[in-house]
Amino acid sequence: MTIESIARPALERDPQVLARKVTARLLESGALSAAAESTETTTVVRMCLKWAIQRLEGLPSPERTDRLATAAAGWARAGVPIATVLHAVHVGFEYGLDLLFGGRGSAERADIVAGAFVSLELLNVITATVSKAYVRECKAAALEDRTAAHTLTSMLLGGHPTSAMARASGIRLAERYAVLALAIPPHPDESRPQLDGRVVARRKLRRLQSGLADRFGTAALSLLSVDGGTVLLPADHPAAAELDEVLRALARAARVPLTATVVESRPDRVSAAVHDAHELLDIVEHSGRGPGLHRFPDLALQYQLTRPGLGRELLGTRLRPLLEYPDLLATLRIHIGNDLSRRRTAEQMHIHPNTLDHRLRRVGEITGLDPSDPRQLWYLRSALVVCAGGRGQRPA
């Protein structure tokens, strides 16, 4: 008996009836959910059965699989998991093989083996077609979502009306946002000569974005580069209740320490909040504070000292003479950043503690403010904040 004679009884049946039987089996076995079942599904099953019978008759594999690819893209848009689709394909093949070869005797073993090889060949074609179409559709949908989110975020940051855009994109605007200004340092691998630093940096950013999506889904809006940017988190989202832990989780995902500041805002005030958050981030970075999440109450004094005014100008003039002595200015900044610890400052600067004492005395001689006097030290601290100016500018 030949493969053709085994397949011929299937040919003589009504293909539509046979396809419905396979579809029913998929539903009964749970391989196909009711949500995924449709006329298109039955059509695809019938088409695959036709291909199988054609191959068993010795005809070549199908050259065009457009209809199958279109159906797979539709399942992707409907949200049917690809694992469900591929499982249904395999269950359908198993049932189809049983229809064709079930109950055959050992005398027909060679034909059955040959038929199994043909079926595996066709299964490979169908699996590859479904997978490629599914991934292509998912990528297109993700790109569309990112474009819509990017546009909405840009409008929010620009202070433009966003209600219409939010409705068009399907993204819900939150009543209030936690506006994060984020600084992302280089990953150590970015400086390794045997690696492409740009590729390493992009992977770092993708890991961070994936970590953000894991916690907030599409609710988080962001404009980020490999160096940092802005993140808008809906304040009413459960994950936003503990922003410090959110930042730590994002740092673990990116595999670098992150520094951020946060300001809360209504959607119509996001643009101003972004400006304030990034000003605070500048202050954090220039004041030598470490990674982590920094809030406005912790930076209120530094923020106020950087505002334009007579007091700022007068404080700026106190450090102006130190511009001629960059080592002294750096020593003062590091020593204050170390909470006046002689040991830590000397170790960090690789100098002897006596050298540190000498430099601090020179700072007092040049500025007229003695770092060892608590009252005058306050002026020096404030002058350093003004010197940084929130943007690293020179003293006035």
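Helix 13 and helix 15 are roughly perpendicular to each other, because their angle falls in the range of 65 to 115 degrees. This is a predicted model, in which local features need pLDDT of at least 70, side-chain atom pairs count only at pLDDT 80 or more, and totals for chains, interfaces and linings use all residues. Residues are numbered from 1 along each chain as its sequence is written, and side-chain values use heavy atoms, with hydrogens and water left out. Helices (H or I, at least four residues) and strands (E, at least two) are DSSP runs, numbered from the N terminus.

**Helix pair**
- Helix 13 (residues 326-337) packs with helix 15 (residues 353-367) at about 110 degrees, the axes being 10 Å apart; axes are lines fitted to C-alpha atoms, for helices over the stretch in contact, and angles run from 0 to 180 degrees between N-to-C directions.
- In this contact (heavy atoms within 4.5 Å), helix 13 contributes Asp327, Leu328, Thr331, Leu332 and His335, while residues of helix 15 include Leu356, Arg359 and Ile366.

- An open sheet of 5 strands has the order 2-3-1-4-5 with mixed pairing; two strands pair if DSSP finds at least two bridges between them.
- Strand 2 (221-225) and strand 5 (292-295) are the edge strands, each pairing on one side only.
- From one strand to the next, the twist averages 25 degrees.
- Strand 1 (residues 177-183) pairs with strand 3 (residues 228-234) in the antiparallel sense over 7 bridges, and Leu180 stands opposite Val231 in strand 3.

**Helices on the sheet**
- Helix 8 (residues 197-216) packs on the sheet and touches strand 1, strand 2 and strand 3; its direction makes about 170 degrees with that of strand 2.
- Helix 10 (residues 270-286) also packs on the sheet, touching strand 1, strand 3, strand 4 (259-265) and strand 5; its direction makes about 150 degrees with that of strand 4.

Conventions. Parallel < 35°, antiparallel > 145°, perpendicular 65-115°, else oblique.
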